[in-house]
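I opened this notebook to record what I looked up, entry by entry. The entries begin with aromatic rings and then turn to the sheet and the helices beside it.

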Amino acid sequence: MPVISNEIRHVIVDRMSNGGSQRKVGLELNISQSTVNRIWMKYRKTGSTDNQPRSGRPQKTTEKERRHFCRLSMKKPFNSPRQLLSEANFTNNISPRSARRMLSSRGIFGRIAARKPRLNKVQILKRISFCKAYRQMSTLEWSKILFTDEMKIELYGTRRAYVRRKIGTRYLNQFVCKTVKFGGRSLLVWGAIKEDGSRILLRCPPTLNSAGYQCILDEGLQDLYDHDSVLMHDGAPCHRSMSTQTYLEKQKICYISDWPPQSPDLNIIENMWAILKRNVSKRFPSTLDELWKVATEEWYKIDDAYIKNLYSSIPKRLDAVIKMKGYHTKY
């Protein structure tokens, strides 16, 4: 459709303002009566004949189709936009990029999924029962708990790394994250923490059985465990074996016997492991002995106040599990 120039629009407004009819003005200027009417009504409404800002090209999807697509995405959150489009059956062809914009406009964004242990119904019920039973414990009672756990530290980590580089330089040696199959060599360590900030880190044999775990407890609890302490350890086989149970009874070590399975979010030492791994990876050790030396140094650098804050978060962790009905929490 031809565009009406500003000069002609001004002529139309001038003649209509002087009492001219739309039909006569259209015949004189060789344009349709409907065009004259549209320009004149726009002038009367806005006081100008200039084109107003437009919304752009009409959307290819209807509001109903967009709502259906968002529901489909929430139903299948791990599907890519391309996979969702193959099931949506839109009237018009939609690109994956348009699909992502459609989802983001409704607050649905693509993010890296959190990694959490798989939970079955029995484990969920045990988590809820534990949190309800121990929710009434005071801060003083929690301060007597000695939190322990094992962790493997890899010499060459498998975590993703971010690098700043120019386009087309992805595979240059200085921008590549070097990897080794299965993370290369690694160390198994055992750690324990107390509310006052005292802690210990011990190097474990590559495979930890009941006898090895009991040796670790002999050395690790010597300076940390006292008459009113309570040991916390999870349900690993070397922790729950008959041999270890007999050892704990013989040594008169009080421990939490009903710790729920698959519950790293309740064990506050997991936060210590995260800090330790992050700080160790920044120092790039090259041998296992150097890795152990660096891990020991970084372990004792963690602030005592951070450990106190972890202990103060325990009631919140219990409440979070109860609120989530036994499922995963943010901790």
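**Entry 1: the ring cluster**

Which residues do ring pairs link into a cluster? I am working from a predicted model, and in it I find that F130, Y134, W142, F147, W259 and Y311 are joined by ring pairs into a cluster. Searching the whole structure, I find 8 aromatic pairs.

**Entry 2: two pairs looked up in detail**

I took F69 and F90 to begin with, whose rings form a tilted pair with 5.4 Å from centre to centre and 45 degrees between the planes. The pair links distant parts of the chain, since F69 sits in helix α4 (residues 63–75) whereas F90 sits in the loop between α5 (81–88) and α6 (96–105), 21 residues apart.

I then turned to F130 and W259, an edge-to-face pair at 5.1 Å centre to centre, with 70 degrees between the planes. I call this pair edge-to-face because its planes are 70 degrees apart and the cut-off for that class is over 60. F130 belongs to helix α7 (residues 121–134) and W259 to the loop between α11 (242–250) and α12 (269–281), so the pair ties together parts that are 129 residues apart in sequence. For F130 I note a relative accessible area of 3%, and for W259 one of 8%; since buried means under 20%, F130 counts as buried, and W259 likewise counts as buried.

**Entry 3: the sheet**

Next I traced the strands, and I find an open sheet of 4 strands in the order β3-β2-β1-β4, with mixed pairing. At its edges I place β3 (199–204) and β4 (230–232), each of which pairs on one side only. From one strand to the next, the twist averages 25 degrees.

For I145, I noted V230 as the bridge partner in β4.

**Entry 4: helices on the sheet**

Which strands does helix α9 touch? I find that α9 (residues 210–220) packs on the sheet and touches β1, β2 (186–193) and β3, its direction making about 150 degrees with that of β3. I also looked up helix α13 (residues 288–301), which packs on the sheet with contacts to β1, β2 and β3, and whose direction makes about 165 degrees with that of β3.

Methods:
Residues numbered from 1 in each chain as written. Predicted model: local features only at pLDDT ≥ 70, side-chain atom pairs only at ≥ 80, totals over all residues. Heavy atoms only, no water. Pairing = 2+ DSSP bridges. Helix = DSSP H or I, 4+ residues; strand = E, 2+ residues; numbered from the N terminus. Axes fitted to C-alpha atoms, helices over the stretch in contact; angles between N-to-C directions. Contact = heavy atoms within 4.5 Å. Phe/Tyr/Trp six-rings, centres within 6.5 Å; stacked < 30°, edge-to-face > 60°. Buried < 20%, exposed > 50% of the residue type's maximum accessible area, 1.4 Å probe, protein only.
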